[in-house]
Amino acid sequence: MAENKFEMKFRCPMEFVVAPEDVEEDCYEVSAMHFADHADEINKLIRESFEYDGTEDCGLAAYLIDDDLAEKIISIIPSVENIDGKLCGALTVALREELTEVETGKLRKELIEQLDNGWGYDFNEDTMNIGGEDVYISFLCAKDGERLRVIDSAESINQTMGGLS
């Protein structure tokens with residue numbers, strides 16, 4: 001019998017900033033649609049970001065602070081998804097048992113912290129070559145009120161990226 005019985009997913013907006021070859025030029029932001037055809041390439045880089053410390057199987061779950069959450073969560077794997085031609089961040093959570101609404105709120109706070117100041121900060125620190133361009137990739141850019149939220153698999157990207165705090 002498989003260890004994970006439940007799964008939930010969070011989605012978040014992303015930011016892509018291109019660093020021009022000419023260091024005299026300023027970096028510039030591009031739409032999440034610009035790299036939509038490169039989801040597999042970006043996901044490979046995300047997976048590689050966990051290989052250096054042995055957390056590739058559990059992802060962000062290795063950094064959970066709340067012990068009660070850590071007991072219920074098997075893994076939290078970040079990725080990008082191409083939804084209707086636009087990339088968004090996704091965090092797939094494998095669970096031993098379902099979370100309560102309060103626990104889901106605690107998890108959301110821990111994930112926001114990881115994306116802002118932990119793994120996500122480190123992931124964004126260096127450029128990655130995507131489609132021949134050097135790019136800084138950020139998860140959870142909370143522009144225009146967009147927030148990390150739990151999604152239902154039937155939701156569209158437009159519903160997912162709406163203003164939920």
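**The lining of the cavity**

Guide: Please keep in mind that this is a predicted model. The residues that line the largest cavity divide into five nonpolar, one polar and one charged.

Visitor: How does one find such a space, and how many cavities of 30 Å³ or more does the structure hold?

Guide: The general idea is that rolling a probe the size of a water molecule over the atoms shows where empty space is left. Here the structure holds one cavity of 30 Å³ or more, and the volume of the largest cavity is about 30 Å³.

Visitor: Which residues line the largest cavity, and which helix gives the most to that lining?

Guide: The lining consists of Leu 60, Tyr 63, Leu 64, Ile 76, Glu 110, Leu 111 and Gln 114. Helix 3, which covers residues 101-117, gives the most, with three residues.

Visitor: Now to the strands: how should I picture one, and which strands are joined to strand 7 by bridges?

Guide: In a regular strand the side chains alternate between the two faces of the sheet. In this model, strand 2 (residues 14-19) runs antiparallel to strand 7 (residues 133-139) and is joined to it by six bridges, with Val 18 having Val 135 as its bridge partner in strand 7. Strand 6 (residues 128-130) also runs antiparallel to strand 7, through three bridges, and there Asn 129 is partnered by Asp 134 of strand 7.

Visitor: What do strand 6 and strand 7 form, and which residue in the turn has a positive phi?

Guide: They form a hairpin with two residues between the strands, and Gly 131 in the turn has a positive phi of about 55 degrees.

How values were computed. Residues numbered from 1 in each chain as written. Predicted model: local features only at pLDDT ≥ 70, side-chain atom pairs only at ≥ 80, totals over all residues. Heavy atoms only, no water. Pairing = 2+ DSSP bridges. Helix = DSSP H or I, 4+ residues; strand = E, 2+ residues; numbered from the N terminus. 1 Å grid on protein atoms, 1.4 Å probe; cavity = no way out; pocket = protein on both sides within 12 Å on 5 of 7 lines; lining within 4 Å. Points joined across faces, edges and corners; volume = space filled by probe spheres on them. Nonpolar A, V, L, I, M, F, W, Y, C, P; charged D, E, K, R; others polar.
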